[in-house]
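Subject: Structure handover

Hello,

Here is the structure we talked about passing on, followed by notes on what was found in it. Please read the notes with the model open.

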Amino acid sequence: MTTAAVNYAEVLYELSVPQSSVEEAKELMRKAPEFLEALKNPLISFKEKERVIDRLLPEEVRNFVKTVCRHHKAGILKEILDEYEELCRKQQRILTAVLRYVTPPKEEQLENIRGFLCREFHAQKADIKLTEDKSLIGGFILQAGGMEYDWSLRGRYRKLEQKLTRR
């Protein structure tokens, strides 16, 4: 994440733009990547960009997106909106985690992991993205808040190998 994207995201957050409007803008950029490409294109005049922004984006985010375009930062607009969502999650004390597994966890196991994450990171809620990773051999790896908890067989094999080679 670039410093500029973080700074713009903080400004957007401080403007108290509704999260639903930002999500709608982000969804438009995901569904119609040519819209974002047009905003980044230096050959398209700013007046034309303004007209398109006024037609397609929710009213609450229009002026912000116009300002980003005026400062030639449309290339990082997706980063800005991603960082804005992260700021909202932090404010709401929602932790985002990634769970890499070999065998999908049961719902009860997921609830236990969510409880662990909420206690460990003082979060109110934990969103867990599940990713299958057969290279782990068994077990799982949990990544959250800049930490990694490795309970995989591959990780245990590595630790054992390190212990044996240090002797």
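The expected span of a helix is taken as 1.5 Å times one less than its number of residues. With that in hand, helix H1 (residues 3–14) can be checked: it has twelve residues and reaches 17 Å from its first C-alpha to its last, close to the 16 Å expected. Bear in mind throughout that this is a predicted model.

Helix H1

The buried residues of H1 are Ala5, Tyr8, Ala9 and Leu12. Viewed down the axis of H1, these buried residues fall within an arc of 105°, so they line one face of the helix. They pack against helix H2 (19–31), H5 and helix H6 (77–91). Thr3 and Glu14, on the other side of H1, are exposed. After H1 comes serine 16, which has a positive phi, near 55°.

Lysine 66

H5, one of the packing partners of H1, spans residues 59–70 and contains lysine 66. Is lysine 66 buried or exposed? Its relative accessibility is 10%, and because the cut-off for buried is under 20%, lysine 66 counts as buried. Setting aside neighbours within four places in sequence, the contacts of lysine 66 are Phe46, Glu50, Ile53 and Asp54.

The S3–S4 hairpin

Strands S3 and S4 run antiparallel and are joined by six bridges. They form a hairpin with two residues between them, and glycine 145 in the turn has a positive phi of about 55°. Within this pairing, leucine 142 has tyrosine 149 in S4 as its bridge partner.

Aromatic pairs

A pair of aromatic rings is described by the distance of the centres and the angle of the planes. The count of aromatic pairs comes to six. One of them joins phenylalanine 116 and tryptophan 151: the centres are 6.3 Å apart and the planes are at 70°, which is edge-to-face. Phenylalanine 116 lies in helix H7 (residues 107–121) and tryptophan 151 in strand S4 (residues 147–152), so this pair ties together parts that are 35 residues apart in sequence.

Tryptophan 151 also pairs with phenylalanine 140; here the centres are 5.3 Å apart and the planes are at 55°, so the pair is tilted. Since phenylalanine 140 lies in strand S3 (residues 139–144) and tryptophan 151 in strand S4, this pair ties together parts that are eleven residues apart in sequence.

Ring pairs link Phe116, Phe140, Tyr149 and Trp151 into a cluster. Tyr149 in that cluster is the bridge partner of leucine 142 mentioned above.

Cysteines

How many disulfides does the structure hold? The number is zero. Cysteine 118 is in no disulfide, and the nearest cysteine sulfur, that of cysteine 88, is 18 Å away. The cut-off for a disulfide is two cysteine sulfur atoms within 2.5 Å. Cysteine 118 counts as buried at 19% relative accessibility, and cysteine 69 counts as buried at 4%.

Regards

How values were computed. Residues numbered from 1 in each chain as written. Predicted model: local features only at pLDDT ≥ 70, side-chain atom pairs only at ≥ 80, totals over all residues. Heavy atoms only, no water. Helix = DSSP H or I, 4+ residues; strand = E, 2+ residues; numbered from the N terminus. Buried < 20%, exposed > 50% of the residue type's maximum accessible area, 1.4 Å probe, protein only. Contact = heavy atoms within 4.5 Å. Phe/Tyr/Trp six-rings, centres within 6.5 Å; stacked < 30°, edge-to-face > 60°. Arc of directions from axis to C-beta. Pairing = 2+ DSSP bridges.
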